[in-house]
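Reader: I'm new to this one, could you walk me through it? I'd like to take it slowly.

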Amino acid sequence: GQYRENLLAAFLSAARDSSELVRSSSLSGLASVCQFLGYSLGACLHEITECFVSIGRSDSCPQVRQGAVFAIKSILTGLGSLSVEVAGDALRKLYRCLKEIEREDPDPLTQTHAQ
């Protein structure tokens, strides 16, 4: 309930921090929370998806982009077998983002993580 929104808001805010370390850490924390919450992400799913996709596609730091890839894979795992029913468009957007990173990221390690 109320704690979920506060916790997610804190991680989402930290994902936009100027420090690469804070951004990476926030993505890791957000991924863990997403896995734990699974289907109860609710209305936050769209904002979380946008955060992961935006950072995965455009962050200047390869380690932060790798963190986004990890987060995307974690949320897909956390949603489990019913993810299409629960996530719909978000699931497709996350999957397309991974494929785009695999093909186009300038960092070979980030590309490998996206596979």
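Author: A term to begin with: a polar contact is a pair of N or O atoms within 3.5 Å, where within protein one must be able to donate a hydrogen and the other to accept it, and residues adjacent in sequence count only if both atoms are side-chain atoms. This is a predicted model, in which local features need pLDDT of at least 70 and side-chain atom pairs count only at pLDDT 80 or more, while totals for chains, interfaces and linings use all residues. Residues are numbered from 1 along each chain as its sequence is written, and side-chain values use heavy atoms, leaving out hydrogens and water.

Reader: OK, so what caps the N-terminal end of H2?

Author: Serine 19 does, with a side-chain oxygen 3.3 Å from the backbone nitrogen of leucine 21. H2 covers residues 20-37; helices here are DSSP runs (H or I, at least four residues), numbered from the N terminus.

Reader: And which residues of H2 are buried?

Author: Among them are Leu27, Leu30 and Cys34, where buried means under 20% relative accessible area, exposed over 50% and partly exposed in between (1.4 Å probe, protein chains only). Leu27, Leu30 and Cys34 also meet Ile48, Cys51, Phe52 and Ile55 in H3, contact meaning heavy atoms within 4.5 Å.

Reader: Switching topic, is alanine 9 buried, exposed or partly exposed, and which helix is it in?

Author: Alanine 9 lies in helix H1, residues 2-14, and is partly exposed, with a relative accessible area of 45%.

Reader: What separates the C-alpha atoms of alanine 9 and glutamate 47?

Author: A distance of 9.7 Å, although the two residues are 38 residues apart along the chain.

Note on methods:
Helices (H or I, at least four residues) and strands (E, at least two) are DSSP runs, numbered from the N terminus. The expected span of a helix is 1.5 Å times one less than its number of residues.
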